[in-house]
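Visitor: I would like to learn how to read a few features of a protein model. Where do we begin?

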Amino acid sequence: MNVDTATTLDLPRTVHIVEVAGKRVFLVGTAHVSTSSVDDVRVTIDRVRPDSVCVELCQARYDSLTNPEAWRKLDILSVLREGKAHLLLGSLIMTAFQRRIASQLGVKPGAEMVAAIESAREHGAKLVLADRRIEITLKRTAARLGGWTKIKALSSLLAGLFAPDQIDAEEIEKLKEEAQLADALQALAREFPDAKETLIDERDRYLAMKIREAPGSTVVAVVGAGHVEGIEREMEAPRPIDDLDTVPGPSLVSRVLKWAIPLSIVALLAYGFYSGGVDRWQESMLTWILVTGTLSALGALAASGHPLTIVSAFVAAPLTTLHPLLAAGWFAGLVQAWIKSPTVEDLETLSESITSLRGFWRHPVTRILLVVALTNLGASLGTFVAGAMIAAKTL
């Protein structure tokens with residue numbers, strides 16, 4: 001950090017200055033729901049008057065932040081058909097938690113990014129959306145996590161909705177202290193090391209390259225405080241980022257297991273018929289139908305699905321669990337969407353409704369997503385429970 005420059009311009013203490021590749025970059029480390037971060041951003045841009053302003057946003061998040069009507073365009077049926085329900089659910093849970101904190105502090109989520117966008121426009125600076133597409137980030141994260149870890153991660157996100165109603169503003173400001181951040185990131189790495197790599201480390205690298213490529217010799221970059229150290233390190237030793245914009249395919253092991261598990265169940269059923277005749281086969285089939293169907297239906301029930309949704313979950317599970325390209329949650333979600341299709345008014349109120357646990361569970365959009373997730377979870381558990389029961393009686 002160039003102390004003389006920072007002192008001369010009287011910049012906030014959250015600003016880190018990096019000189020690299022003929023550029024002087026002013027990194028503003030912010031807390032995404034902090035009132036003082038908004039001031040830090042405006043003061044820095046006003047005093048530096050940069051050629052470019054980089055923000056920790058991708059195009060989709062920029063559109064959502066600058067266009068409150070964006071939720072009107074959400075097509076829940078397309079989300080279900082494209083298999084993106086879990087990605088959208090995780091994104092909404094993170095948004096809900098951030099909005100809860102922001103509402104208690106009297107600031108809109110992403111207010112510091114809006115301040116950066118507005119200040120860039122006022123000073124005629126080039127605005128650079130420097131973050132990787134959120135969809136790519138979430139898909140890369142999901143691809144790296146095992147099935148059990150995905151369940152743990154989703155549970156942790158849901159648990160965030162049970163957080164205390166009031167959060168002290170002073171605690172939020174502490175997140176901008178580098179020592180506090182280091183501890184928080186290490187804790188995240190211990191719990192979900194693969195998620196840390198895709199959610200934090202890769203984005204540090206991506207943001208650093210985009211900031212280096214920003215037009216002009218003077219750049220202000222507005223990023224979460226947790227990214228500052230990583231960005232500084234990556235800017236000093238830049239690496240290509242082409243590989244970070246792709247989603248890796250499933251591993252050979254996961255592809256084999258995807259087919260091996262249902263084929264093993266079918267083999268067990270066939271062996272039961274061969275060794276025990278029709279009676280044994282009927283008993284095994286009844287076990288399979290009742291266990292997978294019941295646990296899948298319980299998942300739909302836990303999501304407060306409509307009675308017909310719960311029935312559809314029960315009917316779909318015994319069949320879909322034997323086909324690796326189908327999922328009971330998709331069918332249950334489609335039924336729930338057909339029965340309670342979100343209206344334009346529902347879409348308009350989505351961002352506000354999800355700030356409370358009650359609203360999150362009862363809103364038509366999030367209820368559909370929860371139906372998909374919890375029905376699939378129940379069907380997956382049913383597959384292993386029923387398979388174990390059948391194997392115990394057959395082998």
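Visitor: How many salt bridges does the count come to?

Guide: This is a predicted model. Side chains of opposite charge can pair when their charged atoms come close. Here the count comes to 14 salt bridges.

Visitor: Which side chain meets Asp-10 in a salt bridge?

Guide: Asp-10 pairs with Arg-47, at 3.6 Å from N to O. The two lie 37 residues apart and link distant parts of the chain: Asp-10 is in the loop between helix H1 and strand E1, and Arg-47 is in helix H2. Arg-47 is partly exposed, at 39% relative accessibility.

Visitor: Are Glu-202 and Arg-132 buried or exposed?

Guide: Both Glu-202 and Arg-132 are buried. Their side chains form a salt bridge of 2.9 Å, N to O. Glu-202 belongs to helix H11, while Arg-132 sits in the loop between strand E4 and helix H7, 70 residues apart. Elsewhere, salt bridges with shared partners join Glu-56, Arg-61, Asp-131 and Arg-203 into one network.

Visitor: How far apart are the end C-alpha atoms of helix H2?

Guide: They are 21 Å apart. At 1.5 Å a residue, the 14 residues of H2, 35-48, should span 20 Å, so the two values agree.

Visitor: Which residues of H2 are buried?

Guide: Ser-37, Val-38, Asp-40, Val-41, Thr-44, Ile-45 and Val-48 are buried. Viewed down the axis of H2, the buried residues fall within an arc of 160°, so they line one face of the helix.

Visitor: What comes just after H2?

Guide: Arg-49, which takes a positive phi of about 50°.

Technical notes. Residues are numbered from 1 along each chain as its sequence is written. This is a predicted model: local features need pLDDT of at least 70, side-chain atom pairs count only at pLDDT 80 or more; totals for chains, interfaces and linings use all residues. Side-chain values use heavy atoms; hydrogens and water are left out. Helices (H or I, at least four residues) and strands (E, at least two) are DSSP runs, numbered from the N terminus. The expected span of a helix is 1.5 Å times one less than its number of residues. Buried means under 20% relative accessible area, exposed over 50%, partly exposed in between (1.4 Å probe, protein chains only). The arc is that of the directions from the helix axis to the C-beta atoms. A salt bridge is a side-chain nitrogen of Lys or Arg within 4 Å of a carboxyl oxygen of Asp or Glu.
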